[in-house]
Amino acid sequence: MQTFIQLGATALQIGAVYILFSLGLTLIFGVMRIVNFVHGHIFAVAALIVAYILPPLAAGGLSAPVAYVLASIAGIAVALGLGALLYFFGFRYFQRDLVGSFILSIGFVLLLDGVLLHLFGGAVRGVPEIFPGRVSIAGAQITVQRLFLCAVALVMAGVLYWALGHTRLGKALRAVSYDHEAAMMVGVPYARIAFLGFMIASLLAAIAGVLLAPVTIVSPVIGTDYLIKGFIAVIIGGLGSVPGAILGSLFVASIETFGSYYLDSSYATLAIFGMVIVVLLFWPKGVLGRG
Amino acid sequence: MTVDATTLDVSGICAGYGSVPVLHDVSIKVEPGSVVTLIGANGAGKSTLLKVVGGLIQSTGGSVAFNGTDCTRRRPDQMVRAGLGIVPEGRRLFGEMTLRENLELGAYARTDRQNIAHDFERVLGLFPELRDRLSTQAKSFSGGQQQMVAIARALMGAPKLLLLDEPTIGLAPVVVDRVAALIREISELGVDILLIEQNAEVALSIADFGYVLENGRVVMADKAEALLANPQVRLAYLGV
Ligand SMILES: Nc1ncnc2c1ncn2[C@@H]1O[C@H](COP(=O)(O)OP(=O)(O)O)[C@@H](O)[C@H]1O
Ligand SMILES: [Mg+2]
């Protein structure tokens, strides 16, 4: 039982990050009907900036939390700037074009792999501990840092979920996802809403990046694994579905965690891909996707 | 904007999809206070004309003036903000959103937000059967009710001109009569109407003026009662 709770807590921590990723992917797919394979790099840039400027800030005499907040703001700002560039010089011209946007994404991935490697070097960076200590919840041990990550991620997911249902922008985003032409015919400015959807998704990825920086080892390729898991989560849950993204993420994280413990991590990975195949056989649009 | 500017002045429009031309030199007018209909067979190019006026596709020639202002290259949201309301072919409701949300989205482009609550009541006054179902998902309404919702949604934008694309298609005869009566009622509230229809009999009976579109060209333009009496129209569109 103890082990089970501990594993559940771990699954929730990993799942929280997948949720931020998959929500972004599903939002971008919803408004623009593209799959953004360069999403992981927006995440990586935010994490790298934090890893890069946190040590000098802390060495300069700032307390760890203050230095972390400043580094995070910088990381998020740079990541959002990158997102805006990708949108204006690329994705804007490939909306509703799955093949074109796929090729464009891959081009951006290769380009950014090179640029990030050049700027930040291939060596992995450790970020100093920001919130030291660990707590015990229902017998499961969690570090304060991971607890913080988990809480922020779940709050962000909750805020997004609430905002989609209750705000003017949220309703416009849903309307565009449902039928972009009908949305245009009631006066929703499609181009602006698509851009905002893309930027909100980039913000979620950037937040995931700054949250993860202190609890993991940061390198330019850090985004890839999360992108793949986030993508699997939305495929299982249904591209374009917000509840689908959340459930898919928790599901993938659970299989990964429990699978690695009870079987072995390579079986866990196999199990995830096996699940994707089974889900797609029975629900080609994902479990909560639209038919 | 002059007081009696023509509400909609479509002049010499040519348009198509990719390299395939659909509309050839189409000109139609909607004068203030009138109900105008555009009738034509399936594939004649009626919906294409609506998309040109609504800014959803670009014309390759000609111009569109709305309330005396040239609007030829405007985006759809600009057209809606300028006072265009669209009831699209096939209704195109936001099916997974509630009736209330559909109506709220209808008012999305409005700048006079303080009047929205008032118009919400007014619109529901026109459709009393919808009032108790504001929390129902749009997709679970019947066909006739969905048509009412599509009209109500467009009215929430407080349009000066309402474009309706085949609002009676697939509806039972009593519901067709209801829609026809509604269109007259909306017209009397001061909204000008451009009604696109295949059902020429209904359309011409409620319109003041009519145009006949064939293969992307306007082949007839006359008072509605004259078209209704015209032997060619009767043969081609009324089957008598
Ligand atoms: N999205 C589109 N892409 C290509 N061709 C289209 C498209 N929509 C309509 N068409 C073609 O344009 C012509 C006119 O269509 P449309 O304007 O929808 O006619 P109507 O509304 O009078 O039935 C038809 O030949 C149709 O096949
Ligand atoms: Mg049509």
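Helices (H or I, at least four residues) and strands (E, at least two) are DSSP runs, numbered from the N terminus.

This is a predicted model, in which local features need pLDDT of at least 70 and side-chain atom pairs count only at pLDDT 80 or more, while totals for chains, interfaces and linings use all residues. Residues are numbered from 1 along each chain as its sequence is written, chains are lettered from A and ligands numbered from 1 in the order in which they are written, and side-chain values use heavy atoms, leaving out hydrogens and water.

The structure holds 16 salt bridges over all chains, each a side-chain nitrogen of Lys or Arg within 4 Å of a carboxyl oxygen of Asp or Glu.

| Salt bridge | N to O distance |
|---|---|
| Arg92(B) and Glu181(A) | 3.0 Å |
| Glu256(A) and Lys229(A) | 3.3 Å |
| Arg110(B) and Asp119(B) | 2.9 Å |

Glu256(A) lies in helix α10 and Lys229(A) in helix α9 of chain A, so their pair ties together parts that are 27 residues apart in sequence. Glu256(A) is buried, with a relative accessible area of 17%, and Lys229(A) is buried at 8%. In chain B, Arg110(B) and Asp119(B) are both buried. By contrast, Arg92(B) is partly exposed, at 26%, as is Glu181(A), at 27%.

Methods:
Buried means under 20% relative accessible area, exposed over 50%, partly exposed in between (1.4 Å probe, protein chains only).
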